[in-house]
Amino acid sequence: MAQDSPAQDGAAVKYGAVGPFDAARAEAAVRELLIAVGEDPDREGLRETPARVARAYREVFDGLFSEPDSVLNTVFDEGHQEMILVRDIPVYSTCEHHLVPFHGVAHVGYIPGTSGKVTGLSKLARVVDLYAKRPQVQERLTSDIADALVRKLQPRAAIVVIEAEHLCMSMRGIRKPGATTTTSAVRGLFKTSAVSRGEVLDLILRK
Ligand SMILES: Nc1nc2c(ncn2[C@@H]2O[C@H](COP(=O)(O)OP(=O)(O)OP(=O)(O)O)[C@@H](O)[C@H]2O)c(=O)[nH]1
Ligand SMILES: [Zn+2]
């Protein structure tokens, strides 16, 4: 989505970011970090690492520079009034507490509004990606996606469920690999009607 990233070269337009991406600063910080953990950043294997990490961070935090609402601009007047659900969208995000990954799957569903406006299926996965590519907590990632759907599509109902494993809980700290966290954000009819919510959750959680 590089073409959707106006701040990549330090341009003024920003979305989730409060400043442009500064590759030189990121490189210098990684070099400092290597020294701080007791490594030699000038040894053969690490010489290119600061530049590589800066490039990798540019990529994994690209969603800071992308406009979520424009992703959902592709809309079709299908007149479809029933549920649309995309399950098992792979998610890779970064825990903002420890800057290590959390990863799993997202399920995104909605019931179109009275106009029957629907968006392209891939756009649901694009919105997931966009918000995942920011420093995140799982709860905010989940509700950011639901709120973007509500803003752009004015659906009768929307739901986002994310199931993820946090490496900050697996590889360090409490060390519980395999523990998964499930978060949900429900809007509209999925919130007010237990029957509708039950139906969609049944589809989402069916293995
Ligand atoms: N609610 C929520 N908590 C998260 C998420 N990602 C990581 N955390 C938690 O953030 C908390 C940070 O706790 P702190 O006590 O400040 O940091 P810490 O000493 O590294 O904590 P431990 O991980 O328990 O070792 C931990 O309990 C993490 O499990 C998330 O997406 N949502
Ligand atoms: Zn963490």
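Numbering runs from 1 along each chain as its sequence is written, while chains are lettered from A and ligands numbered from 1 in the order in which they are written. As this is a prediction, local features need pLDDT of at least 70 and side-chain atom pairs count only at pLDDT 80 or more, though totals for chains, interfaces and linings use all residues.

**View 1. Valine 186 in strand S7.** Valine 186 sits in S7, residues 181-188 (strands are DSSP runs of E, at least two residues, and helices are runs of H or I, at least four, numbered from the N terminus). It has 21 C-beta neighbours inside 10 Å, so it counts as buried (20 or more; exposed is 12 or fewer, partly exposed in between, with C-beta atoms placed from the backbone). Leaving out residues up to four places away in sequence, valine 186 touches Ile159, Lys191 and Arg197 (C-beta atoms within 7 Å).

**View 2. Helix H4 against helix H5.** H4 (residues 121-132) and H5 (residues 138-153) pack at about 135°, axes 10 Å apart (lines fitted to C-alpha atoms over the stretch in contact, with angles from 0 to 180 degrees between N-to-C directions). On the H4 side, the contact uses Val127, Val128, Tyr131 and Ala132; H5 brings Leu141, Asp144, Ile145 and Ala148.

**View 3. The surroundings of ligand 1.** Around ligand 1 you'll find Cys95, His97, Val137, Gln138, Glu139, His166, Cys168, Met169, Gly173 and Ile174 (C-beta atom within 6 Å).

Technical notes. Contact = placed C-beta atoms within 7 Å.
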